[in-house]
Amino acid sequence: MNMFHLQDKVVLITGAGGGIGAATARAMHAVGAKVVLLDVTENAIQELATELGPRTLAIFASVTSREDLDRAVARAVETFGGIDVVFANAGIACDPPTTIRNMDEATFERVVEVDLLGVWRTVRACLPQICARNGHVLVTSSVYAFVNGVVNAPYAMSKAGVEMFGRSLRAELAGTGATAGVLYPGWVSTAIAKSAFGGNAEATELVKLAYPSVLRAPIQPARIAEAVVKGVQTRSARINCPRRWIPISILRGIFNLLTDLTLDRDKRIHALIRKMEK
Ligand SMILES: NC(=O)c1ccc[n+]([C@@H]2O[C@H](COP(=O)([O-])OP(=O)(O)OC[C@H]3O[C@@H](n4cnc5c(N)ncnc54)[C@H](O)[C@@H]3O)[C@@H](O)[C@H]2O)c1
């Protein structure tokens, strides 16, 4: 297979201020890439840029703003001459998690705005560069693209949308020299996953009831970053990390029938959901 070498390539990463984005910036920088760090947490990206040293550019911008993103792309091009890889990764979750009927309108729409439309806006702004340079687009979906999004519906529906966006884009770019892929992280120890791991008692209990321990053990962001570097170097259509989720993804039709049935019938889960609505 033809390797896509990342040495001296320009990689723009959204959500680079923390978790998976910051870990990936470190890993990309370590293989010689120039990294454009985009986030709404200015301190975090400035600190990361200082830590990494040369070949970095920190840009304070929101993926919800078309103007911010156009400005970010213009600055990246001005500084490094172009963009070869975009990693549309910024995301937020419903915090605290709750049901569709209980969630306030602004929270629901903000999650979709960042997690789904933010990915579209990021890719839209970068795509002319990626196509001109035979580059690669990577979008962060989640195992929530295919597992039930109970008490996190705007998040899960956005992640399912991001998966379809990435798959469609890959097919549309086929044969052009540019490529696209989808990242499916399982649970990762980052700020966004806190409520499911102690931050919110009911959400933590729900995850314990609904998933076997082998699936719910969170991994470190550095592991995702390593998988991302390999996945971009090979222009992978799918990056599943940890790999224990691969059978679930492949057999999602069957698993979805079974998990949806459990969610329909398990009274302990119903009681937890009612509690989360209070
Ligand atoms: N942690 C997990 O368990 C997990 C699992 C599956 C998918 N993901 C996805 O991975 C991605 C990264 O999340 P993470 O786990 O590193 O969480 P995180 O909270 O550590 O990082 C998310 C980053 O996105 C930034 N961000 C939020 N809104 C933004 C906006 N409007 N514009 C620009 N940046 C913004 C935040 O400031 C933060 O730095 C997200 O898309 C998330 O949904 C995470």
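In the grouping used here, Ala, Val, Leu, Ile, Met, Phe, Trp, Tyr, Cys and Pro count as nonpolar, Asp, Glu, Lys and Arg as charged, and the others, Gly among them, as polar. On that basis, the shell around the ligand holds 14 nonpolar, 13 polar and two charged residues. The model is predicted.

The shell has 29 residues around the ligand. I20, D39, N89, Y155 and T190 come nearest. Several polar backbone atoms face oxygen atoms of the ligand. For I20, the distance from a polar backbone atom to a ligand oxygen is 2.7 Å. For N89, the corresponding value is 2.8 Å. For G18, it is 3.3 Å. On its own, the ligand has 830 Å² of accessible area, and the protein covers 92% of it. Two elements, α1 (19-30) and α5 (153-173), each give two or more residues to this shell.

The fold includes an open sheet of seven strands. Their order is β3-β2-β1-β4-β5-β6-β7, and the pairing is parallel. The edges are taken by β3 (56-60) and β7 (238-241). Each has a single partner strand, so one side of each is left without a neighbour in the sheet. Neighbouring strands are turned by 15 degrees against each other on average, direction ignored.

Within the sheet, β1 (residues 10-14) pairs with β2 (residues 34-39) in the parallel sense over five bridges. Here L12 stands opposite V36 in β2. Helix α4 (residues 105-132) packs on the sheet. This helix touches β1, β4 (85-88) and β5 (136-140). The direction of α4 makes about 175 degrees with that of β4.

Definitions and conventions: Residues numbered from 1 in each chain as written. Predicted model: local features only at pLDDT ≥ 70, side-chain atom pairs only at ≥ 80, totals over all residues. Heavy atoms only, no water. Pairing = 2+ DSSP bridges. Helix = DSSP H or I, 4+ residues; strand = E, 2+ residues; numbered from the N terminus. Axes fitted to C-alpha atoms, helices over the stretch in contact; angles between N-to-C directions. Contact = heavy atoms within 4.5 Å. Near = heavy atom within 4 Å. Polar contact = N/O pair within 3.5 Å; in protein donor to acceptor, adjacent residues only side chain to side chain. Areas by Shrake-Rupley, 256 points an atom, 1.4 Å probe, with all protein chains shown as cover.
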